[in-house]
Amino acid sequence: MAFVPACAAGGGDGDDPRDVLGSQRRATIAPVESKTEVHASIERPDGVHGGSAQLQLQDGHVVLHVDRGPDDDDRLVLDELRLAYQDIVLPPAYFHDGQILSGVVVQLDHPLEMRVASTGAGAMLATGATDLRLDWDLRVDGEAYGLAPQKLATLDVELVVSRGDELRVDLSLFRDGVMWTWAEDVITLGDAEVVATAHAAID
């Protein structure tokens, strides 16, 4: 899967975003500026069927701040990440009872600290890797049944934080290959890519 890097927008006065990240800042994700794509497969008697799906983001946020690392270097800390998705109608070719995945939320379990890789032109870049937690329900005939939380393993993370008239966070999450399986690979999820942009006002 090709990775589409996040790009910080130009503009504003080019101030260093670290000036406003000495304490936690919350930025709201803009669904219209974001996309999520994941490849899913299911094993059937006639073979393995699969394809890519575009998931529609409903809302979300990031909370982040800058800290000093043990080597007196800058660390960008992703304190919270929450991505909530619109309902997902399961393919009727494989699920015959009109099942819908609802309450789909992907989030961090623990803060992620990343060394700042580069700064310049009013922006800073940090990269890392993390597991994410998937919470979801299965809705059948209008009734929701809670499913056990699942771990989405080892997604790469890239954050570009820039400051102009507002604070802008460009977030990319990506994972080549399988990141989650059920029943010994009967169902798999993988080749995931999330590109999202969040904004926060500067006081």
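Reader: Which strand gives the largest share of the lining of the largest pocket?

Author: The largest share comes from β3, with 7 residues. The model is a predicted one, in which local features need pLDDT of at least 70 and side-chain atom pairs count only at pLDDT 80 or more, while totals for chains, interfaces and linings use all residues. Residues are numbered from 1 along each chain as its sequence is written, and side-chain values use heavy atoms, with hydrogens and water left out.

Reader: What makes this a pocket, and what is its volume?

Author: On a 1 Å grid over the protein atoms alone, a pocket is an open set of points with protein on both sides within 12 Å along at least five of seven lines, whereas a cavity is a set where a 1.4 Å probe fits but cannot get out. The volume, the space filled by probe spheres set on points joined across faces, edges and corners, is about 1,100 Å³ for the largest pocket.

Reader: How many residues line the largest pocket, and which lie nearest its centre?

Author: There are 44 lining residues (an atom within 4 Å of a point), and A40, L90, L101, W136 and L189 lie nearest the centre. Elements giving two or more residues to this lining include β2 (35-44), β3 (47-55) and β12 (187-201). The lining divides into 30 nonpolar, 11 polar and 3 charged residues; Ala, Val, Leu, Ile, Met, Phe, Trp, Tyr, Cys and Pro count as nonpolar, Asp, Glu, Lys and Arg as charged, and the others, Gly among them, as polar.

Reader: Why are β2 and β3 called paired?

Author: Two strands pair if DSSP finds at least two bridges between them; β2 and β3 have 9 bridges, in the antiparallel sense, and therefore meet the criterion. On β12, E193 is the bridge partner of E37, and 7 bridges join β2 to β12, which run antiparallel.

Reader: How many helices and strands does the protein have?

Author: The protein has 0 helices and 12 strands, where helices (H or I, at least four residues) and strands (E, at least two) are DSSP runs numbered from the N terminus.

Reader: Why does the radius of gyration agree with that of a compact globule?

Author: The radius, taken over C-alpha atoms, is set against a rule of 2.2 Å times the number of residues to the power 0.38. For 203 residues a compact globule would have a value near 17 Å, and the protein has 19 Å, so the two agree.
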